[in-house]
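Take a look at the chain below.

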Amino acid sequence: MFDNASKTTLENLGEFGLIQRLTSAYSTKNPDIIIGIGDDAAILRTNPNLLQVISTDLLVENVNFDLMYTPLKHLGYKSVVVNISDIYAMNAKPKFITVSIAASSKYTLEALEDLYSGIYLACEKYNIDLIGGDTTTAPKGLVISITAVGEVDADKYVTRSGCKANDLLCVTGDLGGAYMGHQLMEREKRVFLANPEMQPDLEGYDYIVGKQLRPEARKDVIELLAELKVLPTSMIDISDGLASEVKHLALHSKVGFLIYEEKLPVDSQTLEMAKEFSLDATMCALNGGEDYELLFTIAQSDFEKIKNNMDITVIGHATEQVNVCQLITPSGNQFDIKAQGWNS
């Protein structure tokens with residue numbers, strides 16, 4: 001079937017290993033490409049003062065979403081957010097999206113209208129325009145592909161590779177909520193499948209359910225940093241878990257990180273749900289994924305500007321030990337951080 005003599009399973013490689021293998025031998029030719037493969041988004045020079053930022057994401061039914069508990073309107077909204085989050089992670093402003101879908105015959109016009117109503121709602125919320133796309137049939141399920149295009153001043157873009165030793169490591173919002181929301185809905189799904197007369201019990205957990213079904217991109221934080229005149233030295237959005245993203249920053253910036261467990265921001269609902277599932281809340285914060293918060297580093301001289309903001313938490317700092325990322329417990333023990341986040 002395939003010409004390759006040797007066979008390596010994609011499962012063993014993982015998403016980022018696959019990307020690295022497929023693209024490592026490729027080099028760009030166009031001098032207008034400032035950042036190509038390997039960051040949250042590509043950056044192209046459109047004129048001396050303004051750069052174009054481009055990112056794309058793919059969502060596949062039963063891999064990235066489950067329609068047993070994901071309303072199509074929420075899915076449409078989320079599919080936009082996960083894309084423009086990458087644009088914000090470059091310190092850029094999203095402007096346009098294109099949307100392409102492949103849908104099987106089980107989907108009706110009304111179902112796809114629900115999906116697009118969520119897409120339009122996100123466009124309205126983030127002041128972006130839908131400017132094109134494509135539709136086709138699929139033998140099974142639903143696939144959504146969105147490309148986001150943004151812009152940033154030529155001297156304001158941020159990548160994963162600018163962090164220096166002693167820079168402060170910051171995160172927005174709180175961590176682990178989306179993962180615990182996912183765990184909760186998966187449990188209620190299993191209960192329903194076993195007994196369809198049982199109604200889902202989500203009372204009291206609206207926050208973590210919302211973090212999973214309808215996340216928000218951190219446009220507000222990018223605007224705040226601009227207002228405070230703080231330009232991060234590196235930045236990435238948290239889609240695959242804090243641990244994974246920290247290791248990305250370390251790899252690209254050629255630094256290490258020390259993270260203080262007691263500084264990790266975790267919401268009370270996340271803590272309560274983790275306890276109910278007998279899960280360690282710290283591990284949920286480190287490896288949960290799909291929070292779509294921003295992880296960034298700043299020079300120590302900028303600390304005074306952000307220290308009083310309740311939505312930004314300093315969780316650690318960069319070190320000179322390249323690729324050595326460790327968690328420090330309240331008792332002072334240090335453990336290597338391992339990336340075990342979602343790999344889809």
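## Terms and model

Two strands pair if DSSP finds at least two bridges between them. Helices (H or I, at least four residues) and strands (E, at least two) are DSSP runs, numbered from the N terminus. This is a predicted model: local features need pLDDT of at least 70, side-chain atom pairs count only at pLDDT 80 or more, and totals for chains, interfaces and linings use all residues. Residues are numbered from 1 along each chain as its sequence is written, and side-chain values use heavy atoms, with hydrogens and water left out.

## The open sheet

Seven strands form an open sheet with mixed pairing. Their order is β8-β10-β7-β11-β9-β12-β13. The edge strands are β8 (234-237) and β13 (334-336), and each pairs on one side only. From one strand to the next, the twist averages 25°. Angles like this run from 0 to 180 degrees between N-to-C directions, and axes are lines fitted to C-alpha atoms, for helices over the stretch in contact.

## Strand β10

β10 has antiparallel pairing with β8 over four bridges. S234 has T297 as its bridge partner. β10 also pairs with β7 in the antiparallel sense, over four bridges. There, V171 stands opposite L295.

Is β10 mostly covered or mostly open? It is mostly covered: five of its five residues are buried. Buried means under 20% relative accessible area, exposed over 50%, partly exposed in between (1.4 Å probe, protein chains only). In a regular strand the side chains alternate between the two faces of the sheet. In β10, L294, F296 and I298 are buried on one side, and L295 and T297 on the other.

## Helices across the sheet

Contact means heavy atoms within 4.5 Å. α6 lies across β7, β8, β10 and β11 (312-319), at about 15° to β10.

## The cores

A nonpolar core is a set of buried Ala, Val, Leu, Ile, Met, Phe, Trp, Tyr and Cys residues joined through side-chain atoms within 4.5 Å. The largest has 53 residues. I84 and I97 have the most contacts inside it. Among the elements giving two or more residues to this core are α2 (72-88), α6 (219-228) and β10 (294-298). α2 gives the most, with nine residues.

A second, separate core has 23 residues, including C163, F257, L295 and C325.
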